[in-house]
Amino acid sequence: MSTKFQDNDIYGHLNNNVHSQFIDNAVNLFLHQEGGLNMASDPIIGLIVNSGCDYFKELGWPEHQTIDVGVRVNKIGRSSVQYAAALFAPNDDEAAAQGHFTHVWIDRTSRATVDIPLGLRAAMESVLRKAE
């Protein structure tokens with residue numbers, strides 16, 4: 001993900017909401033590329049019902065003009081999934097921030113919960129956290 005001057009807050013580092021935007025963008029890009037999700041027209045949508053982020057190191061423009069974002073799935077239910085993501089400065093193996101959010105999948109029209117479609121589920125399972 002690319003950072004911009006406007007992403008910084010008054011303290012000179014990325015504003016907290018930018019971390020969440022990067023996580024949301026990375027997860028949705030993954031769902032689109034790997035699971036075939038078409039957010040504009042698919043009959044199902046994922047609603048965020050929970051989110052959070054922990055911060056460990058400062059990131060900021062121009063020192064960090066790009067940020068690497070890793071995505072995984074912590075757990076999958078019938079209609080919900082919890083994603084986790086970590087933000088890294090380039091060439092740094094230690095996360096600067098780690099976040100999570102939960103999608104509940106619903107019918108676009110009726111707003112009733114639905115089973116996660118097989119194509120999306122397969123993509124999610126490909127990055128499912130392994131039991132320790």
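Strands here, E runs of at least two residues, and helices, H or I runs of at least four, are DSSP runs numbered from the N terminus. Two strands count as paired if DSSP finds at least two bridges between them. In general, strands of a sheet pair through backbone hydrogen bonds, either parallel or antiparallel.

For angles, axes are lines fitted to C-alpha atoms, for helices over the stretch in contact, and the values run from 0 to 180 degrees between N-to-C directions.

A word on where this comes from. The model is predicted: local features need pLDDT of at least 70, side-chain atom pairs count only at pLDDT 80 or more, and totals for chains, interfaces and linings use all residues. Residues are numbered from 1 along each chain as its sequence is written, and side-chain values use heavy atoms, with hydrogens and water left out.

Now strand β4, residues 97-107, which is joined to β1 by 11 antiparallel bridges. On its β3 side, β4 pairs over eight bridges, again in the antiparallel sense. Phe101 in β4 stands opposite Ser51, and Tyr83 also stands opposite Phe101. How enclosed is β4 by the rest of the structure? Largely, because eight of its 11 residues are buried. Buried means under 20% relative accessible area, exposed over 50%, and partly exposed in between, with a 1.4 Å probe and protein chains only.

Next, the two helices. The axes of α1 (residues 16-35) and α2 (residues 118-126) come within 9 Å and cross at roughly 115°. α1 and α2 are therefore roughly perpendicular; that label covers 65 to 115 degrees, with under 35 roughly parallel, over 145 roughly antiparallel and the rest oblique. At this meeting, Phe30, Leu31, Glu34 and Gly35 of α1 touch Gly119, Leu120, Ala123, Met124 and Ser126 of α2. By type, the residues of the α1 and α2 contact are five nonpolar, three polar and one charged. Nonpolar covers Ala, Val, Leu, Ile, Met, Phe, Trp, Tyr, Cys and Pro; charged covers Asp, Glu, Lys and Arg; the others, Gly among them, are polar. Contact throughout means heavy atoms within 4.5 Å.

Last, two residues around the end of β2. Ile76 lies in β2, residues 68-76, and is partly exposed at 24% relative accessible area. Leaving aside neighbours within four places in sequence, Ile76 is in contact with Val81, Ile116, Arg121, Met124, Glu125 and Leu128. Thr66 is 10 residues from Ile76 in sequence, and their C-alpha atoms are 30 Å apart.

Ser79 is in the loop between β2 and β3 (80-88). Is Ser79 buried or exposed? Ser79 is buried, with a relative accessible area of 12%. With neighbours within four places again left aside, the contacts of Ser79 are His103, Val104, Trp105, Thr113, Val114 and Ile116.
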